[in-house]
Amino acid sequence: MSIEGLTPKQIVEKLDSYIIGQYKAKKAVAVALRNRIRRIHLAEDIRDEVAPKNILMIGPTGVGKTEIARRLAKLVNAPFIKVEATKYTEVGYVGRDVESMVRDLMAVGFNNVKKEVEDSMRETCGPKVEERLLDLLLPGTGKKEEKKEDEKIDSPFEIIPFAGTPEEAQKLMEEQNAKLAAKQAEDESAAKSNSLDNSTREKFRTMLREGKLEDREVEVTVKRQRSMPSMEIIAGGSMDDIQSGMMEIQNMLSGRNHKQKTVSVREARRILTEEVLDSMIDSDKVADKAKERVEQSGIIFIDEIDKIATKNGEGHGSNVSREGVQRDILPIVEGSKVNTKFGVVDTTHILFIAAGAFSLAAPSDLIPELQGRFPLRVELESLSKADFKRILTEPKNALTKQYTALLATEGVNIVFTEDAIDRMSEIAEELNARSENIGARRLHTIMEKVLEEISFDADEHEGETVNVDAKYVDEKLTGVVKDQDLSRYIL
């Protein structure tokens with residue numbers, strides 16, 4: 001979908017199809033997205049001065065922070081990546097290079113553009129794939145290469161200066177006639193063979209198009225999968241590129257870059273299609289287009305940013321690492337140029353959305369410079385019983401719809417009554433208030449517990465209709481909910 005025709009209100013309406021509530025957060029991201037279009041229409045002398053207004057989402061887990069950002073990116077087909085701020089502190093005091101988030105985003109952008117180009121060329125490559133499949137099914141029946149114009153063509157006739165007797169001339173003529181006869185016989189045999197080959201090839205072509213050869217096995221040459229030990233133990237994102245280069249060099253030197261594999265025609269078609277598409281695509285053009293898309297519409301979602309916040313006066317121990325990560329993230333968010341294997345990427349106009357629960361720290365515990373780079377702050381509300389009820393029924397991917405579809409594959413029809421939805425929503429709200437507030441994720445554990453038995457014995461209930469009402473929910477959950485110690489582990 002094109003972002004050009006979407007107003008902020010329409011963006012919020014689209015997000016409402018997947019995320020319940022959180023209007024403030026949806027409004028903030030919708031305006032940020034629309035401002036990108038407004039920026040494109042600005043005069044060139046002011047366009048570069050307008051930077052995206054990065055957003056800081058504050059709220060408990062499970063209320064939709066990540067989902068809002070993910071759905072937003074999917075809505076407008078923008079390159080999107082989610083990173084955990086804590087991953088940059090996992091290895092000693094340095095952690096992984098923060099620039100790796102930009103490299104990962106660029107890789108996502110490249111793959112997205114490449115897929116779009118492949119989809120547009122998929123029909124075009126069909127005839128080439130068909131010919132290669134026929135070559136695998138009927139080796140040696142492909143079209144013979146035409147001889148080049150400057151290539152010498154053997155002829156049975158040879159111009160030979162002759163000054164001998166008539167008898168010798170007659171003998172020479174008989175030899176030339178014998179050569180001509182042999183050549184004619186050879187040509188006739190080749191023509192007959194080619195005719196038979198072409199006839200067989202066309203029969204196989206018809207069978208191939210009719211799908212009669214899908215299960216026949218053929219031998220194809222495929223690229224060997226990389227299976228090198230991980231080098232993530234070495235700090236710094238640049239090691240990714242080094243590792244990739246080392247593997248390519250090793251495969252090239254060892255000659256083990258490809259291997260023979262026996263697969264069905266159905267699988268061979270997929271493999272050959274990918275190979276043909278790779279040969280048709282200009283990687284440089286794809287990289288240029290992806291780079292432009294990443295720089296102008298890329299979105300990086302930094303989750304758990306509250307985990308790298310440091311409280312005032314605590315500048316020792318692990319807090320040194322946390323503050324160091326904040327200072328490393330700062331130039332990326334402010335705008336800098338990052339080297340990637342697809343080219344240099346400018347992060348100035350990438351939209352950054354950070355999120356965190358901030359239950360043990362406050363946004364003010366982030367370093368002032370980083371706080372300033374997230375001028376828009378929205379607080380997401382905890383979910384109520386009414387929100388849980390809507391989450392269970394309204395979204396396109398609602399949990400009740402998911403479980404109904406899953407069990408329908410086993411021939412079991414699940415019907416959730418209104419009072420069952422009310423009861424599960426009430427239990428979710430009660431448990432979130434009493435123990436850890438994990439938001440909508442609580443519904444996953446409740447639904448699993450309610451449907452555990454019917455899911456386990458689904459094969460014995462084929463063709464049956466199971467009504468899930470409030471009584472059914474209480475039977476499965478009441479004992480667990482009442483026992484606070486037990487619910488702490490189960491729900």
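## A first look at this predicted model

Phe358 sits in the loop between β8 (351-356) and α12 (368-372); helices (H or I, at least four residues) and strands (E, at least two) are DSSP runs, numbered from the N terminus. Welcome to a predicted model, in which local features need pLDDT of at least 70, side-chain atom pairs count only at pLDDT 80 or more, and totals for chains, interfaces and linings use all residues. Residues are numbered from 1 along each chain as its sequence is written, and side-chain values use heavy atoms, with hydrogens and water left out.

- Most residues other than glycine have a negative phi.
- Phe358 is not a glycine, yet its phi is positive, at about 50 degrees.
- Phe358 is also buried, with a relative accessible area of 10% (buried means under 20% relative accessible area, with a 1.4 Å probe and protein chains only).
- Gln22, in the loop between α1 (8-16) and α2 (23-40), has a positive phi near 55 degrees.
- Gln22 is buried as well, at a relative accessible area of 8%.

**The five-stranded sheet**

- Five strands form an open sheet in the order β2-β5-β8-β1-β9, with parallel pairing (two strands pair if DSSP finds at least two bridges between them).
- At the edges are β2 (80-84) and β9 (376-379), each pairing on one side only.
- From one strand to the next, the twist averages 20 degrees (axes are lines fitted to C-alpha atoms, and angles run from 0 to 180 degrees between N-to-C directions).
- Strand β1 (residues 55-58) pairs with β9 in the parallel sense over four bridges, and Ile55 has Leu376 of β9 as its bridge partner.

**Helix α16**

- In helix α16 (residues 441-450), the buried residues are Arg442, Leu443, Ile446, Met447 and Val450.
- These residues lie on the same side of α16 because they cover an arc of only 130 degrees around the axis (the arc is that of the directions from the helix axis to the C-beta atoms).

**The second largest pocket**

- The second largest pocket has a volume of about 650 Å³ (on a 1 Å grid over the protein atoms alone, a pocket is an open set of points where a 1.4 Å probe fits, with protein on both sides within 12 Å along at least five of seven lines; a volume is the space filled by probe spheres set on the points).
- Its lining has 30 residues, and the closest to its centre are Gly62, Val63, Gly64, Glu67 and Ala440 (lining residues have an atom within 4 Å of a point).
- α4 (65-75), α14 (399-408) and α16 each supply at least two lining residues, with α4 giving the most, four residues.

Notes: Buried means under 20% relative accessible area, exposed over 50%, partly exposed in between (1.4 Å probe, protein chains only).
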